[in-house]
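Thanks for coming. I have one model to go through, so please look at the screen.

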Amino acid sequence: MKNFMMLFHSEPNPDFNPTPDQIQNEIKAWQDWMEGIGAQGKLKNPGEALGFEGKTMHTDGSITDGPYAEVKEIVGGFMIVSADSIEEAIQLSNGCPALSSGGKVEVRDIMVFDEM
Amino acid sequence: MDDEQLSEIFKSEYSNLIAVLSNYYGLTDLQLAEDIVSDTFLKAMKSWSHKGIPKFPKAWLRKVAQNLLNEHHRRKKIYDEKITPEIRAKNHQINFIEITDKIIEDSQLQMIFVLCDPDLNRESQLCLALRILCGFSIEEIARALLSNKETINKKIYRAKKVIKERDRIETNLTSDQYISRLDNVLRVIYLIFNEGYYSSVDEENIRHEICWEAMRLGLFLSEQKKFPKQKIYALIALMCFHTSRIDARTSGENGDLLYQEQDKRKWNKNLIQKGSKYLNLSAVGNVVTKYHLEAAIAYWHTKETKEKWNNILQLYNKLLTIEYSPIIAMNRTYALAQANSIDEAIQEAHKLELKDNHHYFCLLAELYRMHNNINKEIEYLNKAIEFANKKNEKELINDRLEKARR
């Protein structure tokens, strides 16, 4: 089993005023999906949700607001799962609520350095 | 924590937080208060999705809302100091304290009185109260008031503007001011309730929720020491009696069932008892308001005794002397038919001459039906159809026409 990081990309929508029911549905969708992975014993770390504010330090020491060139590329959160292969890991992202709201899920392998 | 509790928390904290932001921290800008609360909810949605629901969700929401307000003031200060130094805004000295239930309760009370501003028209008060006090979404309000999102948005926008133009929210109403505004507040609660009870929207849960919210506000007011209680109790009694019939009323396959068509076993006995309790409490002293009379009428409607209709008739007579309305006059005429005679009621009904009201023609048709005069019944039902403007009302009248022709 290897560990993989799932990165959730989504686009911020400042005009979104969710109703209590929408909020509740969203929370439930995420928790159901995450619990599904947890139930298979493959959820290593539930990760964190990230805000939409950010700053970036560049090589020349300059600092700019916002970490990104492209709004759609914003990482809104991450978590860590374990799987036998990256193919299996990407299959775990099936049903992730980020996908149903126009976002996407990126899976990356976490490198392990033995004998260090 | 189950889903229902969670939804409940969001709904109640919506109005709690707006009340606290506006009253305790002095925001007259309701839009800003709403934006902060929306942001708070968005943060909760993201964070709770990942990390699960915190142990104390209310405290979490309150803390985040405070932080967001703090952030807003920090940015505003930069704007004020660097960009408009000459207009230096009033020095907002804000002390952040723990938001307790006591602060919330005081703020809620204040908010009710601010929103029931006599300068706002009825419709705006109603929309604003449903949004800010009861936490309904714009879509839900539009559905309940048979309107559309744009219209409701405009109404709320204008109402907020009126409140914003006040220099600040009046945080220290004197007890006289409270008492003099109480009538208006009760009227708004009564309107909220009627909207839930009589609206022709199919969605039962919205309608029921609106009724329960009106009752919650009524009970909340009745717990406040500063008010004379009789009127409040009378309004609560009225709402209890009506609500006791709401399940029986909405159980028809084609829209709402009329009083005489309802299955009396479906009436909620518990609520009838509560209503009686509050009606007794309201009778202390010598204040008689229209809520007292309407509650008493509703009480007699839950009974099946000989003196029922005669009592209802007397109560309608008194109600007409307090406040004339065509609806009350028509209801009185129907009571007259039941208590005295149908002939007398028909005579009285013709005197009313409400020439463009379809309810009026329905009443005449009903009286002639009771009199076994089918031709006249059909004649008036046809007239009623002419003046009915809602689809479901036309359908109801059509049903009656079909029955009459059989």
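How closely do the axes of helix 8 of chain B and helix 10 of chain B come, and at what angle do they cross? They come within 11 Å and cross at roughly 0°. Helix 8 of chain B is therefore roughly parallel to helix 10 of chain B, a label for angles under 35 degrees. Axes here are lines fitted to C-alpha atoms, for helices over the stretch in contact, and angles run from 0 to 180 degrees between N-to-C directions. Helices are DSSP runs of H or I with at least four residues, strands are runs of E with at least two, and both are numbered from the N terminus.

Some housekeeping. This is a predicted model, where local features need pLDDT of at least 70, side-chain atom pairs count only at pLDDT 80 or more, and totals for chains, interfaces and linings use all residues. Residues are numbered from 1 along each chain as its sequence is written, and chains are lettered from A and ligands numbered from 1 in the order in which they are written.

Back to the helix pair. Leu186(B), Ile189(B), Tyr190(B), Phe193(B) and Tyr197(B) of helix 8 meet residues of helix 10 including Leu235(B) and His242(B); contact means C-beta atoms, placed from the backbone, within 7 Å. Nonpolar covers Ala, Val, Leu, Ile, Met, Phe, Trp, Tyr, Cys and Pro, charged covers Asp, Glu, Lys and Arg, and the others, Gly among them, are polar.

Next, the contact between the chains. Chain B puts in 18 residues and chain A 17. On the side of chain B that touches chain A, helix 2 of chain B gives the most, with 11 residues. That side of chain B divides into seven nonpolar, seven polar and four charged residues.

Now the sheet in chain A. Four strands form an open sheet in the order 2-5-1-6, with antiparallel pairing; strands pair if DSSP finds at least two bridges between them. Strand 2 (43-49) and strand 6 (104-109) of chain A are at the edges with a single partner strand each, so one side of each lacks a neighbour in the sheet. From one strand to the next, the twist averages 20°. Strand 1 (residues 2-9) of chain A is joined to strand 6 of chain A by six bridges, and Phe4(A) stands opposite Asp109(A). Helix 2 of chain B packs on this sheet, touching strand 2 and strand 5 (75-83) of chain A. The direction of that helix makes about 170° with that of strand 2 of chain A.

Terms used. Two residues are in contact if their C-beta atoms, placed from the backbone, lie within 7 Å. Angles under 35 degrees count as roughly parallel, over 145 as roughly antiparallel, 65 to 115 as roughly perpendicular and the rest as oblique.
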